[in-house]
Amino acid sequence: MHFLPEDIDNYVIQHSQQEPQLLKDLSRETWQKVLNPRMLSGAFQGRVLSMISKLIAPKTILEIGTYTGYSALCLAEGLQENGILHTIDKNEELEELQYKYFQKSSFVNQIKQYVGNAIEIIPSIEEKFDLVFIDADKSNYPNYFELIIGKMNKGGIILSDNVLWSGKVVEPLEERDFDTKVLLEYNRLLNEDDRIETVLLPIRDGLTVSRVK
């Protein structure tokens, strides 16, 4: 989803850091072999994730929704030397592709993959997080938030993707559109919860940055 005029959007991309070759290869293979390749974080958003992670310099990262591993590799760029990124996805068919590119990266010993239900897996990870990226099934965004908020370090950052949902959040709500309904509730939650402070960035399909007080 592009909310900026195409010429402005292209200018922004041209004047931002370019993605590493490994990520170009992963993006290409995702588009060639995987269903719904539009779920992939694009090069620009990937650089945004990388920059945020580098500014935070997290020791522990949690990613909910690995897909093919693109965003995980972007977030890993900011990890401290001995930091760990935990990434969860329910689609076991993507595990091999994720692993292939994690192995090719310099973060091979810093990424821990999980396959299964994130709601069941998150409580089993006995760590506090400096950075969390939520990019999985939209219907569970509020549930993911409640699971992680108590596991965040003070000053930690929660990133939530697709919160503008192709603009549906400002359109008349259709009765059967459950995902949009949940996202509306989630966006309100992030804006009103006094445990965090939040800004919603109109980057691609919407990226919320929430800082834990």
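Student: In which loop is A57 found?

Tutor: This is a predicted model. A57 is found in the loop between α3 (43-56) and β1 (60-64).

Student: Is A57 buried, partly exposed or exposed?

Tutor: Buried means under 20% relative accessible area, and exposed means over 50%. A57 has 33% relative accessibility, so it counts as partly exposed.

Student: Where is Y67, and what is its phi?

Tutor: Y67 sits in the loop between β1 and α4 (70-76). Its phi is positive, about 55°, and Y67 is not a glycine either.

Student: Why does Y67 count as buried?

Tutor: Because its relative accessible area is 9%, and the cut-off for buried is under 20%.

Student: Now β1 itself. How many of its residues are buried?

Tutor: 5 of its 5 residues. Check each face in turn. T60, L62 and I64 lie on one side, I61 and E63 on the other, and all are buried.

Student: Which strands pair with β1?

Tutor: Take β2 (residues 84-89) to begin with. It pairs with β1 in the parallel sense over 5 bridges. L62 has H86 of β2 as its bridge partner. Then comes β4 (residues 129-134), which runs parallel to β1 and is joined to it by 4 bridges. Here I61 has L131 as its bridge partner.

Student: What is the handedness of the β-α-β unit made by β1, α4 and β2?

Tutor: Follow the path from β1 over α4 to β2. The unit is right-handed.

Methods. Residues numbered from 1 in each chain as written. Predicted model: local features only at pLDDT ≥ 70, side-chain atom pairs only at ≥ 80, totals over all residues. Heavy atoms only, no water. Helix = DSSP H or I, 4+ residues; strand = E, 2+ residues; numbered from the N terminus. Buried < 20%, exposed > 50% of the residue type's maximum accessible area, 1.4 Å probe, protein only. Pairing = 2+ DSSP bridges. Right-handed = clockwise from strand over helix to strand, strands pointing away.
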